[in-house]
Amino acid sequence: HSKMATVPLGFNIDAPRWDQSTLMGRLKHFLNITDPRTVLVPEEELDRAKALVEGCRAGLVPPGSSQEQLLYAKKLYDSAFHPDSGEKMNFIGRMSFQVPGGMAITGCMLQFYRTVPAVVFWQWVNQSFNAFVNYTNRNAASPISLRQIGVAYVTATGAALATAVGLNLYTKRAPPLLARWVPFAAVAAANCVNIPMMRQQEIINGITVTDGDNNELGRSRRAAVKGIAQVVVSRITMAAPGMIILPIIMERLEKFTFMQRIRVLHGPLQVLLCGGFLLFMVPAACALFPQRCSLALADLELELRDSIVAKHGDKVTYVYFNKGL
């Protein structure tokens with residue numbers, strides 16, 4: 001058995017490398033986690049990274065491991081393993097697959113918006129992808145049954161299709177640009193249904209809130225609602241620039257003769273441009289709100305507020321909780 005060295009002093013592999021209370025720090029953190037290049041890393045290397053991270057948590061690393069190697073192992077670990085359970089996540093649900101997966105689907109939604117069957121098909125593909133991602137990144141502390149996932153999936157798909165098909169028929173008489181914005185409206189509507197449905201356990205039972213030092217104070221439904229609302233906003237923000245600006249660009253481009261000659265390439269072009277937007281927007285949208293969300297004591301449910309005041313007096317003014325992604 002090879003000898004193990006001890007971890008460098010004062011190095012905590014689980015501490016974020018950048019200040020998570022600032023937008024810039026969160027942006028760097030998510031740029032690192034959502035890096036699509038990690039999708040190409042072979043399974044053995046991911047398993048090695050996991051072993052290295054777990055060794056490091058136990059205080060032992062292979063001799064000669066540099067801090068760089070440890071941080072890269074942590075990046076791979078974060079990209080492929082579930083933060084609560086430590087299980088390897090399926091390929092499609094990983095945050096690092098958000099850019100390649102999202103760009104292909106968004107490009108197709110923006111390209112094939114003219115006919116109802118195409119709209120129906122691509123919105124369905126998109127909602128299936130979303131359900132997969134939400135299931136993969138679910139909060140292990142609030143488990144969700146397969147039945148609930150099924151219901152959430154069906155409702156969200158229904159919301160997306162109703163919005164898309166309804167608006168599609170409505171925009172027949174409207175300016176052509178409006179028709180190109182229909183996919184975004186459908187995606188936004190579906191997110192407003194999909195995420196709360198997928199995380200209904202948290203809204204029904206509340207989520208654990210803590211004080212500044214991570215001591216549990218009880219469960220709050222209002223905290224769950226705030227956290228989920230922030231996730232909905234950031235998911236819509238993620239899609240917005242690509243799905244709002246790209247149609248304007250394409251509308252302009254398609255007037256040129258050279259663009260009319262290369263019709264075949266419009267789809268691939270939209271996919272590439274979507275990729276450009278998403279490369280930046282996935283991390284930017286995740287960074288919008290701090291992962292550790294806070295809520296003023298005054299905004300909590302009455303009974304929870306009373307029990308906190310009874311136990312801690314006026315020491316607790318804010319409660320904290322993890323909002324999920």
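Analyst: Before we start, a contact here means heavy atoms within 4.5 Å. Please also keep in mind that this is a predicted model.

User: Is A240 buried or exposed, and what is its relative accessible area?

Analyst: The cut-off settles this one, since a residue counts as buried when its relative accessible area is under 20%. A240 falls below that limit and is therefore buried, with a relative accessible area of 16%.

User: How far apart in space are A240 and M281, C-alpha to C-alpha?

Analyst: Along the chain, 41 residues separate A240 and M281. In space, their C-alpha to C-alpha distance is 8.8 Å.

User: Let's turn to the domains. How much area do domain 1 and domain 2 bury between them?

Analyst: The domain assignment gives domain 1 as 5–81 and domain 2 as 95–290. Their contact takes 13 residues from domain 1 and 15 residues from domain 2. Carbon and sulfur atoms carry 75% of the buried area, and the total between the two domains is about 1,100 Å².

User: Which residues in domain 1 lose the most area to domain 2?

Analyst: No salt bridges are counted between domain 1 and domain 2, and 75% of the area they bury is on carbon and sulfur atoms. On the domain 1 side, three residues together account for 42% of what that side buries. Those that lose the most area to domain 2 are R26, L27 and T34.

User: Why does the salt bridge of K75 and D35 tie together parts of the chain, and how many residues apart are they in sequence?

Analyst: The two side chains meet at 2.9 Å, N to O, and both residues are buried. K75 belongs to helix α3 (67–80), whereas D35 is in the loop between α1 (23–33) and α2 (43–57). The pair therefore ties together parts whose separation in sequence is 40 residues.

User: K88 forms a salt bridge too; what is its partner?

Analyst: K88 lies in the loop between α3 and α4 (98–111), and its partner is in helix α2, 45 residues apart. At 30% relative accessibility, K88 counts as partly exposed. The closest N and O atoms of the pair are 2.7 Å apart, and the partner is E43.

User: In which helix do K74 and D78 both lie?

Analyst: Their side chains form a salt bridge of 2.8 Å, N to O. K74 is buried at 13% relative accessible area, while D78 is partly exposed at 27%. The two are four residues apart, about one turn, and both lie in helix α3.

User: What is the relative accessibility of N214?

Analyst: N214 is in the loop between β3 (207–210) and β4 (216–220). Its phi is near 70 degrees, a positive value in a residue other than glycine. Most residues other than glycine have a negative phi. N214 counts as exposed, because its relative accessibility is 54%.

User: One last thing: which residues make the nonpolar surface patch of about 500 Å²?

Analyst: One of the members is V264, found in the loop between α10 (257–261) and α11 (266–287). V264 is exposed, with a relative accessible area of 73%. The nonpolar patch is made by F256, F258, I262, V264 and L265.

Note on methods
Residues numbered from 1 in each chain as written. Predicted model: local features only at pLDDT ≥ 70, side-chain atom pairs only at ≥ 80, totals over all residues. Heavy atoms only, no water. Patch = residues over 30% accessible without salt bridge, like charges linked within 9 Å, V, L, I, M, F, W, Y side chains within 5 Å. Areas by Shrake-Rupley, 256 points an atom, 1.4 Å probe, with all protein chains shown as cover. Salt bridge = Lys/Arg side-chain N within 4 Å of Asp/Glu carboxyl O. Buried < 20%, exposed > 50% of the residue type's maximum accessible area, 1.4 Å probe, protein only. Domains from an automatic or database assignment. Buried area = accessible area lost by both parts, 1.4 Å probe.
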